[in-house]
2 protein chains.
Amino acid sequence: MRVALALVHHPVHDRLGDIVTTAVTNLDVHDIARSCRTYDVERYFVVSPIEAQWRVVERILEHWTEGAGRERVPQRGEALSRVELVPSLAKAKAHAAERFGVEPRLLATGARPAEGTEFCSYQEARDLVARQVPLLLVFGTGHGLAAPALAQCAGSLPPIRPGRYNHLSVRAAVAITLDRLFGDGCVDEVKAPC
Amino acid sequence: MRVALALVHHPVHDRLGDIVTTAVTNLDVHDIARSCRTYDVERYFVVSPIEAQWRVVERILEHWTEGAGRERVPQRGEALSRVELVPSLAKAKAHAAERFGVEPRLLATGARPAEGTEFCSYQEARDLVARQVPLLLVFGTGHGLAAPALAQCAGSLPPIRPGRYNHLSVRAAVAITLDRLFGDGCVDEVKAPC
C-alpha cells in the first residue's frame, strides 16, 4: 500500500499558540510504528530537526530491529523497521516520493479543522487509496501542526470528534485514523448474537 | 452513556502464556482516560491487585484533578476524573452496577478470539448501546486476558485485525474499539472533494 505517515515535532503549536519543537518520545515511536504495521502503512517518518534526539531514537530502533529485543519480540522489530528519522516534512515527502516513484499527496490531520487546506472526507481518502494514489498522512505533536506545515498539505481530514472534547493523544488519533481509512470496522463479519 | 471500561493488569498472560500481574503505567492511565472522555465512556477502571501501585496512580490523578496540572491543563483533569482504581474485575463490575443501577454486560476484547465467550459484532454492540444496555468493556494488558477474566465476560468483540499482525498497543486498541462503537467514522459528513 503506497501510504506513509509523518509525525511532526516541528513546526507545531504549543498550548499558547507559539511555534515550537516538541521532544521525540519513545512511546510515540513504538505505538505508532505498531499501528502502522497493523494497517500496512509502509513508512513512518519521525520528523524532528533536533539531531541530538535522533541518537536516542536510533538506539531504540537498533535494539529492536537488530539487538536483543529483536530476538525476544520479533514482532516489535517488524513494526519498528518502518521508522525513518527525517529533519523536515519536506524531507519526509521527498523520501516517500522516492519510495513510491511519484510524489505523495499530503493529508493533514488535527483536532481542529485545518484552515487553508481543502477538506477530504474519510470516504474520499479511502477512495484515493483504492485508486492507488500515494498518500502521506501528516500528524502534529504538541497542540497541532503550525501553518508552515499545513501549507505543504494538499488537503486535510476532518477532526475525529468535531465540536466535542478534542484532546485525544496523538497515538490514539493515529490509531483511529488508520482504522477509519484502512480498517474493516464498518464491514462487520461476525454475526452471532451476543 | 452507561458504558464503562476496565483495563486489567491481573489475571493476564505474559509472552509465554503464564498468568501474571503487569505493572500499571502512567501512560495507559492518561491515554485511555483521554479516549474515554472523548467517547463519553463514563468510568475507566484500572484493575490491579497491587495496592502499592495505587499510590503512584493516585498521586498522578491528584496532580491533574486537584493540583497544579488541573489549572494548567483543565481538559486533562476532565479526562482523569473518570479513573477509578479497583483490585479486581469483579469489583469493577460491582462499581459499574452501582453507578448504572443495574449489572453491566461484560464484553471482552483481545488480539485473538476469546474462547468460551459468545461473539458480539461491533454492530451488535452498537445496537446494545442504542438500547441503553449498560456495558463494561474489558481490555487486557500484557499478552491479553487470561481465562479467569474471560469467564466473567458475557461476550467478546472480534479482534481488530483478525488473522493479521496483531500487536497493537492496548492504548491503540482501546482508541479503535471506542471509535468503532461510539464514533461517527462510518458516517462521513464532509463532502468537498480533495
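Helix axes are lines fitted to C-alpha atoms over the stretch in contact, and angles run from 0 to 180 degrees between N-to-C directions. The model discussed here is predicted.

Q: At what angle do helix 1 and helix 8 of chain B pack?
A: Two packed helices are described by the angle between their axes and the distance between the axes. For helix 1 (residues 26-38) and helix 8 (residues 170-182) of chain B, the axes are 10 Å apart. The angle between them is about 5°.

Q: Are helix 1 and helix 8 of chain B roughly parallel or roughly antiparallel?
A: Angles under 35 degrees count as roughly parallel. Helix 1 and helix 8 of chain B pack at about 5°. They are therefore roughly parallel.

Q: Which residues of helix 8 of chain B make the contact with helix 1?
A: Helix 1 of chain B brings Asp28(B), Asp31(B), Ile32(B) and Ser35(B). By class, the contact has five nonpolar, one polar and three charged residues. From helix 8 of chain B come Val170(B), Arg171(B), Val174(B), Ala175(B) and Leu178(B).

Q: Which strands stand at the edges of the open sheet in chain B?
A: Seven strands form this sheet, in the order 5-4-1-8-6-9-7, with parallel pairing.

Q: What is the bridge partner of Val3(B) in strand 8 of chain B?
A: Strand 1 (residues 3-8) and strand 8 (residues 135-140) of chain B run parallel. Six bridges join them. In strand 8, the partner of Val3(B) is Leu135(B).

Q: Is Ala146(A) buried or exposed?
A: Ala146(A) lies in the loop between strand 8 (135-140) and helix 7 (147-150) of chain A. Among the residues it touches are Pro11(A) and Ile19(A). A residue needs 20 or more other C-beta atoms within 10 Å to count as buried. Ala146(A) has 20 such neighbours, so it is buried.

Q: What is omega for the peptide bond that joins His10(A) and Pro11(A)?
A: Most peptide bonds are trans. The bond between His10(A) and Pro11(A) is cis. Pro11(A) lies in the loop between strand 1 (3-8) and strand 2 (12-13) of chain A. Omega is about 0°.

Q: What is phi of Gln132(B)?
A: Gln132(B) lies in the loop between helix 6 (122-130) and strand 8 of chain B. With 12 other C-beta atoms within 10 Å, Gln132(B) is exposed. Its phi is positive, although the residue is not glycine. The value is near 60°.

Definitions and conventions: Residues numbered from 1 in each chain as written. Chains lettered and ligands numbered in written order. Predicted model: local features only at pLDDT ≥ 70, side-chain atom pairs only at ≥ 80, totals over all residues. Pairing = 2+ DSSP bridges. Helix = DSSP H or I, 4+ residues; strand = E, 2+ residues; numbered from the N terminus. Contact = placed C-beta atoms within 7 Å. Parallel < 35°, antiparallel > 145°, perpendicular 65-115°, else oblique. Nonpolar A, V, L, I, M, F, W, Y, C, P; charged D, E, K, R; others polar. Lists of a residue's contacts leave out its neighbours within four places in sequence.
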